[in-house]
Amino acid sequence: MSVLVYIESPKGHIKKTGYEVATYGAKLAASLGTDAIALIIGYSSEASDLSKYGITKVIHVNSTQDDAFDAQTYSHIIASVAKEQNAKVVILSHSANGKGLTGRLAIKLDAGSVSGANALPDLTNGFGVTKSVYSGKAIVKYNIQTEIKVISVMGNSIQPELNETTANVQQVSITAPTTKLKVVERKTSEGIVPLPEAELVVSAGRGMKGPENWGIIEALAKSLGATTACSRPVADADWRPHHEHVGQTGVAIRPNLYIAAGISGAIQHLAGVNNSKVIVVINKDPEAPFFKAADYGVVGDLFEVVPKLTAAIDKFKNS
Amino acid sequence: MNLLVCISKTPDTTSKISFKSDDMEYNSDGVSFIMNPYDEWYALVRALEITEQQGGTVTVINVGPATNDIIIRKALAIGAHDAIRVDTEATDAFTVASNIATQAKLKNYDIIFLGKETIDFNGSEVGAMVAEMLDLPFISYATKLDVAASLSTVTRDIEGGEEICEVDGPLVISAAKGLAEQRIPNMKGIMMAKNKPLEVVPAQNVPQRVLTSKFILPPAKSGVKLIDPENMDELVRLLHEEAKVI
Ligand SMILES: Cc1cc2nc3c(=O)[nH]c(=O)nc-3n(C[C@H](O)[C@H](O)[C@H](O)COP(=O)(O)OP(=O)(O)OC[C@H]3O[C@@H](n4cnc5c(N)ncnc54)[C@H](O)[C@@H]3O)c2cc1C
Ligand SMILES: Nc1ncnc2c1ncn2[C@@H]1O[C@H](COP(=O)(O)O)[C@@H](O)[C@H]1O
């Protein structure tokens, strides 16, 4: 038996979430007394890097092709490798593409599945997998009943951990049946870390008064190397692009640091951010509900506090 | 066009969360339930817009007990033509998907719509399962959908960007913000909903693959530490030395 980890490699590059699931798979395999095998699909020169994270074998499928993701094709490939390697657990990222794969793999492999796991499985009594539910207000523990299990792991739930092995990379070619889906265009913004993967996020709300004032937020984000986000009314009013909107109806994030300026902290906003490790709230109203969910708070006018914080960060970085 | 929209019921986000039976069960006493916003605001409304422009019917389906009829009537009030309720407790994604797929096979739906996820459990699993059971393409997190004859052009969210896909023929899509604008049911819709067909069908018995073993409340925050607005060096120091996040 084995644990199979599917590693995403958009444009040939393994992202941090790829090393997170590699670490997750390696640790799980160790507790199960078996091997962690990584699977990577499409062209990439980074396949062998996975051996640094406790992976003992890498299966590189169709390494001469580019990575045109199609959930039907990819799930066919992952399921056939899983069967061939006698995988009892299949691990993947709870990413945009992972969301198209988890359910399909569960059906193909007759497996029970949990999506968005927030920690390593608890093997003390059956096969327990936890995830955060009810807008972060509770954690549920599931017990997977089936022999084969599929788990997708929420980003930033586990840190990549170095554990050097001597993995060999095996090149395999698999032809999947053709599908009806055609990707016509893929647009991604280069340079900035997308919100679901960002470790540092600077966010602002209606307290900013208008879109023309966002310079101070961008400056703070730049100093920190953070990604910017916003509350929903701000995106609705087109002050900021829609993909920046976090919360129940927007993107759910779990960065290490979330700085919120001029956001009141309504429950629907908190739903998307309260799994952040550390929350800093800047608000002029000491009664703002966000302070209850915060680790650090600054009661003050954001137009004064934010530039001072940026200056302090710059000073810290240069020291 | 025959369109199928999968709708689910979730507690309103503002509800207080508590558990009973030794933390094994969600305590729904006094909780108000709503139709999952992604299903109602985006999936259902976009399906209605398409049939308004091109003709056809919108059927809504829910896997759940009779207490779910309230959200089904709401979907009918917003404009759905008819409804199916598969009479069983929705226990896990596999049970729900199996029952939806069974009903979907009885008719040839052109497009099956779901919400991107339920706001209580954030599974994002049912759509991919239904698509796999029906051997159809599935496009998750759709923010735009145009349909011309049998060709659907869909924009979907991916990390840090978006992707435009085309599918010729039937497909399954999950709806995210942007796909449509929320509609509020009017008095006429509410009156008409009372007479629209709601078919209750027995569930297919499938073994549950995943059991809930318990709920755990997350550790309470230790309370906010307030920092003097004049002393941002102190905040930076704490973020570096105490919180270790920068
Ligand atoms: C079903 C539903 C879903 C929703 N989904 C989301 C979601 O996904 N995401 C989301 O964000 N919201 C969502 N909302 C909206 C949410 O309820 C709040 O209305 C919204 O989050 C408020 O945004 P805000 O904090 O930017 O604005 P406000 O609530 O207006 O707060 C502005 C804050 O700025 C402070 N402020 C003003 N001036 C200054 C200053 N000079 N310096 C410092 N502080 C200042 C004020 O004290 C106030 O606390 C949803 C609502 C519903 C009903
Ligand atoms: N019990 C149910 N009945 C009908 N549709 C459902 C049910 N549960 C989930 N769905 C649909 O599946 C989508 C995704 O749910 P989930 O995979 O559980 O996050 C929801 O937005 C609904 O469209």
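A polar contact, as the word is used here, is a pair of N or O atoms within 3.5 Å, where within protein one atom must be able to donate a hydrogen and the other to accept it. By this rule, 37 residue pairs are in polar contact across the interface of chain A and chain B, both residues of each pair being at pLDDT 80 or more. The structure described in this report is a predicted model, and its values are computed from the atoms of that model.

## The interface between chain A and chain B

The part of chain A that contributes the most to the side touching chain B is helix α3 (residues 96-108) of chain A, which gives ten residues. In total, 85 residues of chain A are in contact with 75 residues of chain B. The two chains, A and B, bury about 7000 Å² between them, and 58% of this area lies on carbon and sulfur atoms. On the side of chain A, the residues R104(A), Y134(A) and Y296(A) together supply 12% of the area that chain A buries against chain B, more than any other three residues.

Charged side chains also meet across this interface, where the count between chain A and chain B is nine salt bridges; over all chains, the structure holds 30 salt bridges. R104(A), already named for its share of the buried area of chain A, meets E132(B) in a salt bridge between their side chains, with N to O at 2.8 Å. Another salt bridge joins the side chains of E162(B) and K187(A), at 3.4 Å from N to O. This pair crosses between chains, from strand β11 (residues 161-168) of chain B, where E162(B) lies, to strand β10 (residues 181-188) of chain A, where K187(A) lies.

## Salt bridges compared

| Salt bridge | N to O distance |
|---|---|
| R104(A) and E132(B) | 2.8 Å |
| E162(B) and K187(A) | 3.4 Å |
| E218(A) and R240(A) | 3.1 Å |
| K144(B) and D146(B) | 3.0 Å |

In chain A, the side chains of E218(A) and R240(A) meet in a salt bridge. E218(A) lies in helix α4 (residues 215-224) of chain A and R240(A) in the loop between α5 (232-236) and β13 (257-261) of chain A, so this pair ties together parts that are 22 residues apart in sequence. The two partners fall into separate classes of accessibility, since E218(A) is partly exposed at 39% relative accessibility, whereas R240(A) is buried at 11%.

In chain B, K144(B) forms a salt bridge with D146(B), and salt bridges that share partners join R46(B), E49(B), K144(B) and D146(B) into one network. K144(B) is partly exposed, at 45% relative accessibility, and D146(B) is partly exposed as well, with a relative accessible area of 37%.

## Two buried residues of chain A

V114(A) is found in strand β5 (residues 112-117) of chain A, and with a relative accessible area of 1% this residue is buried. When residues up to four places away in sequence are not counted, V114(A) touches residues of both chains, among them V129(A), Y142(A), I144(A) and V150(A) as well as E125(B) and V210(B). V114(A) and L39(A) are 75 residues apart in sequence and, from C-alpha to C-alpha, 20 Å apart in space.

T310(A), which lies in helix α8 (residues 302-318) of chain A, is likewise buried, at 9% relative accessibility. Apart from residues up to four places away in sequence, T310(A) touches I216(A), A219(A), L220(A) and S223(A).

## Chain B as a whole

Chain B has six helices and 15 strands, and its C-alpha atoms fill a box of roughly 65 × 45 × 40 Å, taken along the principal axes. Of the 246 residues of chain B, 53% count as buried. Among the contacts in chain B between residues at least 6 apart in sequence, 69% join residues at least 24 apart. The accessible surface of chain B comes to about 10700 Å², and 52% of this surface belongs to carbon and sulfur atoms.

One feature of this surface is a nonpolar patch of about 290 Å², made by M187(B), I190(B) and M191(B). I190(B) is found in helix α5 (residues 187-193) of chain B and is partly exposed, with a relative accessible area of 34%.

Technical notes:
Residues are numbered from 1 along each chain as its sequence is written. Chains are lettered from A and ligands numbered from 1 in the order in which they are written. This is a predicted model: local features need pLDDT of at least 70, side-chain atom pairs count only at pLDDT 80 or more; totals for chains, interfaces and linings use all residues. Side-chain values use heavy atoms; hydrogens and water are left out. Patches are made of residues with over 30% relative accessible area and no salt bridge: like charges are joined within 9 Å, nonpolar side chains (Val, Leu, Ile, Met, Phe, Trp, Tyr) within 5 Å. Accessible areas come from the Shrake-Rupley method with a 1.4 Å probe; for residues, only the protein chains shown count as cover. A salt bridge is a side-chain nitrogen of Lys or Arg within 4 Å of a carboxyl oxygen of Asp or Glu. Helices (H or I, at least four residues) and strands (E, at least two) are DSSP runs, numbered from the N terminus. Buried means under 20% relative accessible area, exposed over 50%, partly exposed in between (1.4 Å probe, protein chains only). Contact means heavy atoms within 4.5 Å. Buried area is the accessible area (1.4 Å probe) that two parts lose on being put together, summed over both. A polar contact is a pair of N or O atoms within 3.5 Å; within protein, one must be able to donate a hydrogen and the other to accept it, and residues adjacent in sequence count only if both atoms are side-chain atoms.
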